[in-house]
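Open the model in your viewer and keep the selection panel at hand. The stops below run from the overall view to single residues.

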Amino acid sequence: MVHRFLHVRYRVSNLEKALHYFVNFLGLKEVGRITSPRGSKLVFLQAPENGTLLELCEYPDSGQVIVPPDLTHLAFSVNDLEEARIKCNKMGWPFTDEIQKAENGQYFTFIDAPDGYEIELIQEEKKKE
């Protein structure tokens with residue numbers, strides 16, 4: 001039936017704060033911006049090496065954004081988690097978990113995003129041990 005995953009929407013309470021995080025901190029690129037017929041402000045973001053989009057939606061009429069713990073997360077690939085840790089700390093977004101090794105040899109950790117969303121950072125290349 002389906003043949004390609006296009007985008008995922010995350011509703012945010014403050015679009016500009018969320019954009020600052022996803023663009024200036026994580027490094028996603030803004031690729032589109034519209035206002036929906038009902039008045040939602042929508043911004044589409046994309047990672048440098050990927051076609052799938054993240055749609056951020058600000059729609060105050062729908063009420064407060066409440067993201068329960070462990071409900072959802074976005075996972076992004078990074079070249080080096082130690083370098084990412086340094087950058088995250090400098091920018092005020094420290095890792096919320098220690099770097100862990102998965103059974104497949106990859107390393108991963110989590111950081112918090114605005115509104116309580118979680119971001120997983122994965123170092124896909126195996127570290128030389």
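## Confidence check

Colour by pLDDT before anything else. The average over the protein is 93, and 97% of the residues score at least 70. This is a predicted model, and where pLDDT is low, the predicted coordinates should not be read in detail. Now select strand β3, residues 41-46: confidence is highest here, at 98. Then select helix α2, residues 81-90, where confidence is lowest, at a mean of 93.

## Stop 1: the sheet β1-β4-β3-β2

Select β1, β4, β3 and β2. These four strands make an open sheet in that order, and the pairing is mixed. Its edge strands are β1 (7-11) and β2 (29-35), each of which pairs on one side only.

Show side chains for Arg33 and Val43: Arg33 stands opposite Val43 in β3.

Next, follow the turn that links these strands. The hairpin of β2 and β3 has five residues between the strands. Pick Gly39 in this hairpin and check its phi, which is positive and near 105 degrees.

Move on to β3 and β4. They also run antiparallel, again with six bridges. Phe44 has Glu55 in β4 as its bridge partner, and Gln46 stands opposite Leu53 in β4. How many residues lie between β3 and β4 in their hairpin? There are six.

## Stop 2: the sheet β5-β8-β7-β6

Hide the previous selection and show β5, β8, β7 and β6. This is an open sheet of four strands in that order, with mixed pairing. Which strands stand at the edges? They are β5 and β6 (100-101); each has a single partner strand, so one side of each is left without a neighbour in the sheet.

Zoom in on β6. It pairs with β7 in the antiparallel sense, over two bridges.

## Stop 3

Go back to helix α2 and show its side chains. Leu81, Ala84 and Cys88 are buried. Why do they belong to one side of α2? They cover an arc of only 50 degrees around the axis, which puts them on the same side.

## Stop 4: cysteines

Select Cys57 and Cys88. Are they buried or exposed? Cys57 is buried, with a relative accessible area of 1%. Cys88 is buried as well, at 5%. Since buried means under 20%, both values qualify. A search of the whole structure finds zero disulfides.

## Stop 5: two loops

Select the loop between β4 (53-58) and β5 (73-78), and centre on Asp70, which sits in it. Asp70 is not a glycine, yet its phi is positive, near 60 degrees. The residue is exposed, with 68% relative accessibility.

Pro69 lies in this loop between β4 and β5 too. Its relative accessibility is 77%, so Pro69 counts as exposed. Draw a C-alpha to C-alpha distance from Pro69 to Glu120: they are 14 Å apart in space and 51 residues apart in sequence.

Finish at the loop between β7 (107-112) and β8 (118-123), where Asp115 lies. Asp115 is another residue other than glycine with a positive phi, about 70 degrees. How accessible is Asp115, and which class does it fall in? At 21% relative accessibility, Asp115 counts as partly exposed.

Technical notes:
Residues are numbered from 1 along each chain as its sequence is written. This is a predicted model: local features need pLDDT of at least 70, side-chain atom pairs count only at pLDDT 80 or more; totals for chains, interfaces and linings use all residues. Side-chain values use heavy atoms; hydrogens and water are left out. pLDDT is the predictor's confidence in each residue, from 0 to 100. Buried means under 20% relative accessible area, exposed over 50%, partly exposed in between (1.4 Å probe, protein chains only). A disulfide is a pair of cysteine sulfur atoms within 2.5 Å. Two strands pair if DSSP finds at least two bridges between them. The arc is that of the directions from the helix axis to the C-beta atoms.
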